[in-house]
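Hi everyone, thanks for making time this morning. Please have a look at the sequence and the structure on the screen, and then I'll walk you through a few places in it.

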Amino acid sequence: MPHPIVRFAPSPTGAIHIGNARTALLNCLYAEKHHGDFILRFDDTDAERSREDYAAAIEVDLAWLGIVPDLTLRQSARTSLYDAAAARLRAAGRLYPCYETAEELERKRRLQQARGRPPVYDRAALALSAQERAALEAQGRRPHWRFLLDRKTVRWDDLIRGASHVETGSLSDPVLIRADGSYLYTLPSVVDDLDCKVSLVIRGEDHVANTAVQIELFEALGGEGAAPRFAHHNLLASASGEGLSKRTGALSIGGLREAGVEALAVAACAVQIGSSAALHPVASLRQLASELDLAQLSRSQARFDLAELEALSARTLHGFDFEATRERLAAHDVVGAKAEPFWLAVRGNLRAFLDVFDWWRVVEGEIAPPEQPAESEFLAAAAAALPPEPLDATSWSAWTAALKESSGRKGRALFHPLRLALTGREDGPELAALLPLIGRVRASARLRGRVA
């Protein structure tokens, strides 16, 4: 598909979660891989539920993930396009007014079900005469407007699900315009896709049932072949199998960010889970885009495990070089000649990025070493035997070899008291890398039990 145009179209009615991010990333990465354009479109025609703060939060979440749209649109600013499309459909006899109340429609559905029939709208409104419509409006009723389906077999070649079809004769003519004149999702979505020349719609499989209706609407407004291609990906569920919802805030992107999960890990997990690819860290979104293959996505629901994401986040951190973290470290005053060797020394022991500052305090700040009365003589001898400055990568091995020779200690008996005195920790990064960063003066004081 040369120069594809794709879009992510969230409704700003809540915080986006990992499942929404999956859709956004699949679209963004597809555009990256195939040198296309990615559009962010806010489907905000629901004035009652759409909120500006939600839209702003979605943009923040996408930016944190590294997603930068080529174009951002808001449907609330494009109503004139939808009005023109609705007028064309009315003129063509494809959009017709209906006057039933919600209660009347519900009674019809129940009666159809009681008779063993599918609850499909009976098109009774098409039989109304102009006088009958005028009489209903005189009673104060305002029509909602339905799209007249062709009731045919609609087929498409889904890039994920393969050959697909839906019988629109089994569907109710969809309501496109509410009685208050506001638009539901379907018409604005199709009009915008046509106007923006969207060539591929990548979205969740919960939209499969909508696809046939939308293809008919594409053809009604743009002619045969006007519809884009479609790719319906599998959905993510929580580890317990529950669906994700913006309304519950489950696994929201903002929540994952605040929990210290790495953005690249969230992106990798969102894209790789539920596919034939094993979950693995990536160094950049560009790498993730190069690995993207829609055909690898499973058709089965994928379960999202927060523990797996946290483990992937740690593995992602472990692979970052210094340049990937320079600015983040500098924002917390981890700068200077020590910054790069420090990062390379501690990154393999981090669970979350903010853990790095506990280790910075170990090498640059003050700690109170735990008391080790049984080791005081050994630690005093170790302090006396510290190599002279400047300490380097060879200092640790030379120092501990000398201590092994003089004390007869080896293994844990040799190394554990030194680690505890120097770092205050039971475990951590290689001391061969930490000792030069801690420095001789600070190391000597800690070995003698002083705060340093």
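**Cysteines, cores and a hairpin**

Let's start with the cysteines: there are zero disulfides in this structure, a disulfide being a pair of cysteine sulfur atoms within 2.5 Å. Cysteine 28 is in no disulfide, and its nearest cysteine sulfur, in cysteine 196, is 17 Å away. For cysteine 196, that 17 Å to the sulfur of cysteine 28 is too far for a bond. Cysteine 28 is buried, at 12% relative accessible area, and cysteine 196 is buried too, at 16%. By buried I mean under 20% relative accessible area, with exposed over 50% and partly exposed in between, using a 1.4 Å probe and protein chains only.

A quick word on the model: it is predicted, so local features need pLDDT of at least 70 and side-chain atom pairs count only at pLDDT 80 or more, while totals for chains, interfaces and linings use all residues. Residues are numbered from 1 along each chain as its sequence is written, and side-chain values use heavy atoms, with hydrogens and water left out.

Now, which residues have the most contacts inside the largest nonpolar core? They are Trp399 and Leu447, in a core of 87 residues. A nonpolar core here is a set of buried Ala, Val, Leu, Ile, Met, Phe, Trp, Tyr and Cys residues joined through side-chain atoms within 4.5 Å. Helix α1, residues 18–33, gives this core its largest share, nine residues. Helices are DSSP runs of H or I with at least four residues, strands are runs of E with at least two, and both are numbered from the N terminus. Another core lies apart from this one, with 31 residues, including Trp145 and Tyr183.

Back to tryptophan 399: beyond its neighbours within four places in sequence, its contacts (heavy atoms within 4.5 Å) include Pro387, Leu422 and Leu447.

Next, strand β6, residues 153–158. In a regular strand the side chains alternate between the two faces of the sheet. β6 runs antiparallel to strand β7, residues 162–167, with six bridges joining them; strands pair if DSSP finds at least two bridges. The two form a hairpin with three residues between them, and aspartate 157 stands opposite alanine 163 in β7.
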